[in-house]
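Hi,

Here is the model I promised to send over.

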Amino acid sequence: MSEVSATLVLRRCRLSRPSTAQQEFAQSELVDIAIADRQIIAIAPNLPMAGLTELNVDGRLVSAPFVESHIHLDSALTAGEPRWNESGTLFEGIDIWRDRKASLTVEDVKARAIKALRQQASYGVLFVRSHADVSERSLTALKGLLAVREAVKDWMTLQVVAFPQDGLYGHEKNEALMEESLRLGADAVGGIPHYELTREDGVRSVHKIFELAQKYDRLVDVHCDEIDDPQSRFLEVMAGCCIRSGMSAEVTASHTTAFGSYNDAYALKLMGILRRGKLNFIANPLINITLQGRTDTYPKRRGVTRVKELWHNGLNVSLGHDCIQDPWYSLGTGNLLSVVEMAVHVCQMTGQAEMAACFDMVTMGGARTLNLRDGYGIEVGRPANLVVLEAESRYEAILRRATVRYVISRGRVLVETAPPVTRWVE
Ligand code: FE2
């Protein structure tokens with residue numbers, strides 16, 4: 001063995017997908033990964049270099065970190081405050097949140113968000129996009145999450161979306177609050193066109209969102225058509241804005257649950273427009289299956305967007321958790337393998353290639369949505385962020401909701417988790 005030249009070397013890694021560096025080797029071949037100066041410096045079988053720390057992962061699956069592309073950290077861990085959502089509907093959740101946020105403080109937001117992020121990191125999530133409600137004059141949620149973004153940057157990458165929960169035009173102050181949020185440093189412009197007072201306001205809000213994104217050079221992530229109403233058709237407005245503005249990779253349509261209720265003739269036409277628009281999609285199957293279809297008797301809709309069809313059409317789809325114990329969803333741990341498992345069921349993605357695709361939707365797909373580009377992926381020269389799973393394949397990771405044994409962030413081991421042990425006693 002030669003002299004020490006790496007700070008950390010992972011031995012005998014089974015990569016979740018072939019890296020560029022690995023393409024010269026057999027895809028199934030185990031490789032070593034060497035890390036120095038927070039970067040991946042080499043990937044190859046039997047690397048002839050030593051590390052200050054050596055970790056033999058013994059054929060376990062090694063993946064780029066999980067990417068949480070859609071969550072609301074400002075409301076996370078508030079379930080039951082000031083009351084539980086007994087109807088389980090989106091609209092009761094909005095009412096409860098309106099009451100809860102009256103007592104919101106920056107310190108309250110920071111404490112809960114950091115607690116949630118640490119929980120997410122323990123499940124191998126190292127990139128998170130959170131919405132921050134910017135409907136209040138104080139902008140408390142946004143200020144809290146921007147402070148958190150700074151506080152966690154050494155171990156977690158956080159993007160913050162300025163999200164006008166009550167609509168961009170729901171109150172005359174809201175448009176100015178959005179601009180103020182962007183001046184304060186929000187990473188993305190959010191929206192909620194289907195919740196605006198009128199359809200016309202919804203269309204106007206989408207145009208305004210694109211205008212602001214271009215003016216401030218920010219990303220776009222819109223809660224779009226999160227409703228069962230098949231007449232809610234703001235996704236086509238977003239796609240039209242993408243085509244006309246040239247923005248695509250920077251734009252995301254979240255939820256789009258009404259797409260699951262459109263008639264097939266319109267869905268076919270829309271898919272053609274979406275292929276031209278090339279925007280990103282986020283489905284949130286845990287929350288969508290819970291909140292949508294509430295006004296149906298039977299048959300009861302699943303209320304999830306057309307994940308399989310979007311994937312088949314070559315569009316980028318990622319999956320988000322959306323809520324962790326908040327007014328809309330009293331459950332949730334932050335583990336994205338739970339989200340994947342729900343997507344596999346609800347979207348009927350049960351084929352082997354389909355399950356692998358669902359795993360990719362919370363890794364590579366999420367990275368595309370967050371526009372991480374060269375800041376993500378197990379490639380030489382990229383930041384040394386990766387996870388080691390107690391599994392040998394993406395399928396097995398989903399099947400067993402595998403423990404994430406090691407989370408490596410910025411080149412160092414951030415979290416280590418021992419798998420549970422079951423012992424027969426008779
Ligand atoms: Fe959401």
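How far does helix 2 (residues 106-122) reach from its first C-alpha to its last? Its 17 residues reach 24 Å, close to the 24 Å expected at 1.5 Å a residue; the expected span is 1.5 Å times one less than the number of residues. Helices here are DSSP runs of H or I with at least four residues, numbered from the N terminus.

Before going further, two notes on the source. This is a predicted model, where local features need pLDDT of at least 70 and side-chain atom pairs count only at pLDDT 80 or more, while totals for chains, interfaces and linings use all residues. Residues are numbered from 1 along each chain as its sequence is written, and side-chain values use heavy atoms, with hydrogens and water left out.

Back to helix 2: its buried residues include Asp108, Arg112, Leu117 and Gln120. (Buried means under 20% relative accessible area, exposed over 50%, and partly exposed in between, with a 1.4 Å probe and protein chains only.) Just after the helix, glycine 124 has a positive phi of about 90°.

Now the inside. The largest nonpolar core has 132 residues, and Leu10, Ile33, Leu274 and Leu279 touch the most other members. (Such a core is a set of buried Ala, Val, Leu, Ile, Met, Phe, Trp, Tyr and Cys residues joined through side-chain atoms within 4.5 Å.) Domain 1 (4-64 + 377-416) and domain 2 (66-374) both contribute residues, so this core lies between them; the domain bounds come from an automatic or database assignment. Leaving out residues up to four places away in sequence, leucine 10 touches Val31, Ile33, Leu386 and Ile408, among others (contact means heavy atoms within 4.5 Å). There is also a second, separate core of seven residues, with Ala6, Val9, Ala42 and Ala44 among them.

Finally, charges. The whole structure has 32 salt bridges, meaning a side-chain nitrogen of Lys or Arg within 4 Å of a carboxyl oxygen of Asp or Glu. Three of them:

- Arginine 183 pairs with glutamate 179 at 3.9 Å. They sit four residues apart in helix 4 (residues 174-184), so about one helical turn separates them. Arginine 183 is exposed at 53%, whereas glutamate 179 is buried at 16%.
- Glutamate 211 meets lysine 208 at 3.2 Å, N to O. Glutamate 211 is partly exposed at 46%, but lysine 208 is buried at 14%.
- Arginine 382 bridges to aspartate 374 at 3.4 Å.

Shared partners also link Asp95, Arg98, Lys101, Asp133, Glu136 and Asp166 into one salt-bridge network.

Cheers

How values were computed. Helix = DSSP H or I, 4+ residues; strand = E, 2+ residues; numbered from the N terminus.
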